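Keep the sequence and the 3D view open while you read.

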Amino acid sequence: MAHIIVVGNEKGGAGKSTVSMHLATALARMGHNVSALDLDLRQKTFGRYAHNRRAYLEKSGLDLPGPHYHDLPEVDADKLKPGENLYDRRLSAAVAELEPDSDFIIIDCPGSHTRLSQVAHSLADTLVTPLNDSFVDFDLLAHVDTDGLKILGPSVYSEMVWNARQLRAQAGLKPIDWVVVRNRLGAQQMVNKEKMGAALENLAKRIGFRTAPGFNERVIFRELFPRGLTLLDLKDIGVKGLNISNVAARQELRDLVKALNLPGVTVDF
């Protein structure tokens, strides 16, 4: 049975699609069969990333490992059971079709609260939540006092994850391994950075998630998107010498994959 990785956060701009594509490509390059779904049916950034990759590889005559991207299947509303939700059926049909031939299914959720996102979270074996190093983003997880030191209580996204955990427990499924990824970090040591670290450590103990390092803010990610490439593809397209920033970003990806501790995965890049 496929291991389902859901990349979710209700706030846009946290780097979900970048994390999804790099994680999916890393797993594919390590020999795993990876399927991919994008639940942002309007923007489809992850889907566009995968489309750009196919187009670039065809144009360049290259054959590089990568995820197999799939759109959600269309479902005839007339064939739904009484009370059945259309989006539930579309997502469950997609997962049922992909599971037999996939080692991993990576699902990228929209930066908003949707029915599809809710259902996807309940399917997650591993939930990856990229989080900008900002209390604006932290507010989706928990409310804090005016000093940013005391946690006042969980917020909307944490409550959605809690509901997803409850649904899995009722269905007799194993608990979600929730990993909050500190993403788009700045290079400088700042008071805000230290406060965020302390707040996340405190909250992790209260509501049950792990933290992992993500990607620093780098121009290279914006440059790779039009070609659908990742850091792991650079040498294959003729980049002979990686600069210091690229090497550091590659190490960040390696650290992230290791931190996720996915079943059957030995990091070898």
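The axes of helix α1 and helix α2 (residues 45-60) come within 9 Å of each other and cross at roughly 45°. Axes are lines fitted to C-alpha atoms, for helices over the stretch in contact, and angles run from 0 to 180 degrees between N-to-C directions. Helices (H or I, at least four residues) and strands (E, at least two) are DSSP runs, numbered from the N terminus. This is a predicted model: local features need pLDDT of at least 70, side-chain atom pairs count only at pLDDT 80 or more, and totals for chains, interfaces and linings use all residues. Residues are numbered from 1 along each chain as its sequence is written, and side-chain values use heavy atoms, with hydrogens and water left out.

**α1 against α2**

- The two helices α1 and α2 are therefore oblique to each other. Angles under 35 degrees count as roughly parallel, over 145 as roughly antiparallel, 65 to 115 as roughly perpendicular and the rest as oblique.
- α1 passes α2 in a right-handed crossing. A crossing is right-handed if the near helix is turned clockwise from the far one by less than a right angle, and left-handed if anticlockwise.
- From α1, Ser17, Ser20, Met21, His22, Ala24 and Thr25 meet Thr45, Phe46, Tyr49, Ala50 and Arg53 of α2. Contact means heavy atoms within 4.5 Å.
- By class, the contact of α1 with α2 has 5 nonpolar, 5 polar and 1 charged residues. Ala, Val, Leu, Ile, Met, Phe, Trp, Tyr, Cys and Pro count as nonpolar, Asp, Glu, Lys and Arg as charged, and the others, Gly among them, as polar.

**α1 itself**

- Helix α1 covers residues 16-29, and at 1.5 Å a residue its 14 residues should span 20 Å. The expected span is 1.5 Å times one less than the number of residues. The end C-alpha atoms of α1 are 20 Å apart, which agrees.
- In α1, 12 of the 14 residues are buried, so the helix is largely enclosed by the rest of the structure. Buried means under 20% relative accessible area, exposed over 50%, partly exposed in between (1.4 Å probe, protein chains only).
- Among the buried residues of α1 are Lys16, Val19, His22 and Leu27.

**α1 against α9**

- α1 and helix α9 (residues 244-260) pack at an angle of about 75°, with their axes 11 Å apart. That makes α1 roughly perpendicular to α9.
- Val19, His22, Leu23 and Ala26 in α1 meet Leu253, Leu256, Val257 and Leu260 in α9. This contact divides into 7 nonpolar, 1 polar and no charged residues.

**α4 against α6**

- Helix α4 (residues 115-123) and helix α6 (residues 156-170) pack at about 55°, with axes 8 Å apart. They are therefore oblique to each other.
- α4 passes α6 in a right-handed crossing.
- Residues in the contact include His121 and Leu123 of α4, and Met160 and Leu167 of α6. By class, the contact of α4 with α6 has 6 nonpolar, 4 polar and 1 charged residues.

- Ser17 lies in α1. Ser17 is buried, with a relative accessible area of 14%. Leaving aside neighbours within four places in sequence, Ser17 is in contact with Thr45, Phe46, Tyr49 and Asp108.
- Phe104 lies in strand β4 (residues 104-108). Phe104 is buried, with a relative accessible area of 1%.
- Not counting residues up to four places away in sequence, Phe104 touches several residues, including Ala2, Leu27, Val34 and Leu262.
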